[in-house]
Amino acid sequence: MSNRYHIPVMLNTATAYLVTATGGTYVDATAGGGGHTAAILGELTARGRVVAIDRDPDAIAQVRYRLADRIADGSLVVRQGCFGDLPDLVADFVPVCGLLLDLGVSSHQIDTAQRGFSYRHDAGLDMRMDRQSRLTAGEVVNRYSQQDLTQLLRRLGDVPHAARVARQIIRARPLTTTGELAAAIRRSVPARKAVKVLSCSFQAIRMEVNQEMTQLAAVLKAAAGLMREAGRCVAISYHSGEDRQVKRVFRHGSLSRTPNVHPITGVSLSPWRMLTNAPIRPDEAEIRANNRARSARLRAAERRINPSLIGQA
């Protein structure tokens, strides 16, 4: 099948940074439609292997269908789960040669109206990547206090006029559809700002529903402990908060703003060596072909020997 399910972002760049040992085992922790997974497999020899993971059962089904031949020959293992479960999901393959994290939401999730991810489709307020999860967008917008809504809109969406948006959502309760939510948000800002505020607000609510920042912190904390020496981690983020977490862990070895250094020598104790001092962005040709790539930022780091900090991010 083609990439109609999800168009992978910065495919060649991600693969080039990630794959250093063609006979090794790699983890695609956000398999989506299998685009990155297929590209990684294409770089490996017969001894190589990819473990493809996603929390969305639709994505798992797509990868199993699209890459059935690679599952059959043993070069691809597919498992459902979230970032927080990664150590258990890959325990029988550790240490791995590389880990790919393509964060955010897939094209399929946005374009499937009934999933409730987009303000462009009128549907129930869901937004769950794993529909077995308990928290839905409906619960967030109908049960959170005005203060909590304001804070999450600011923290997860950088939403302009977040307090006004939250106030309009409260006034419009109960909300049952994405259309009703979008209408409430539109009432909070001038028409010229509506698209940006809608996009940022829906992003913030989606990230809250799926606890995306918490899940990202969990996988970044665990990553070094799963990696072999000189193994690589590549992260593609679409939100400033995600990128900030990735940068801090790759640079400092923790989510703290303060670097982890030896108290006497001042040498960095981070288990990572940064490969990208600044984030890499997609070129104009890719953005023209896939507008959803416009906010993407790729960072890469290499695992170095530093036993004292492994798993302590």
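Student: At what angle do the axes of helix 8 and helix 11 cross?
Tutor: Roughly 100°, and the axes of helix 8 (residues 146-157) and helix 11 come within 8 Å. An axis is a line fitted to C-alpha atoms, for helices over the stretch in contact, and angles run from 0 to 180 degrees between N-to-C directions. So helix 8 is roughly perpendicular to helix 11; that word covers 65 to 115 degrees, while under 35 is roughly parallel, over 145 roughly antiparallel and the rest oblique.
Tutor: Before we go on, this is a predicted model: local features need pLDDT of at least 70, side-chain atom pairs count only at pLDDT 80 or more, and totals for chains, interfaces and linings use all residues. Residues are numbered from 1 along each chain as its sequence is written, and side-chain values use heavy atoms, with hydrogens and water left out.

Student: Okay, and what counts as a helix or a strand here?
Tutor: They're DSSP runs numbered from the N terminus: helices are H or I with at least four residues, strands are E with at least two.

Student: Which residues of helix 8 make the contact with helix 11?
Tutor: Leu152, Leu153, Arg155, Leu156 and Gly157. Contact means heavy atoms within 4.5 Å. On the helix 11 side, the residues include Cys200, Ser201 and Met207.

Student: How many aromatic pairs does the structure hold?
Tutor: There are 2. Rings of Phe, Tyr and Trp (its six-membered ring) pair if their centres lie within 6.5 Å; planes under 30 degrees apart count as stacked, over 60 as edge-to-face and the rest as tilted. Tyrosine 119 and phenylalanine 202 have ring centres 5.8 Å apart and planes at 70°, so that pair is edge-to-face. Tyrosine 119 lies in the loop between helix 6 (107-111) and helix 7 (137-143) and phenylalanine 202 in helix 11, so the pair ties together parts that are 83 residues apart in sequence.

Student: Switching topic: in what order do the strands of the sheet run?
Tutor: The 7 strands go 3-2-1-4-5-7-6 in an open sheet with mixed pairing. Two strands pair if DSSP finds at least two bridges between them.

Student: Which strands stand at the edges?
Tutor: Strand 3 (76-80) and strand 6 (272-274); each has a single partner strand, so one side of each is left without a neighbour in the sheet. Neighbouring strands are turned by 20° against each other on average, direction ignored.

Student: And in what sense do strand 1 and strand 2 pair?
Tutor: Parallel, over 4 bridges. Aspartate 28 stands opposite alanine 52 in strand 2.

Student: Last one: which bond joins arginine 173 and proline 174, cis or trans?
Tutor: Cis, with omega about 0°. Proline 174 lies in the loop between helix 9 (162-172) and helix 10. The bond from valine 94 to proline 95 is cis too. Most peptide bonds are trans.
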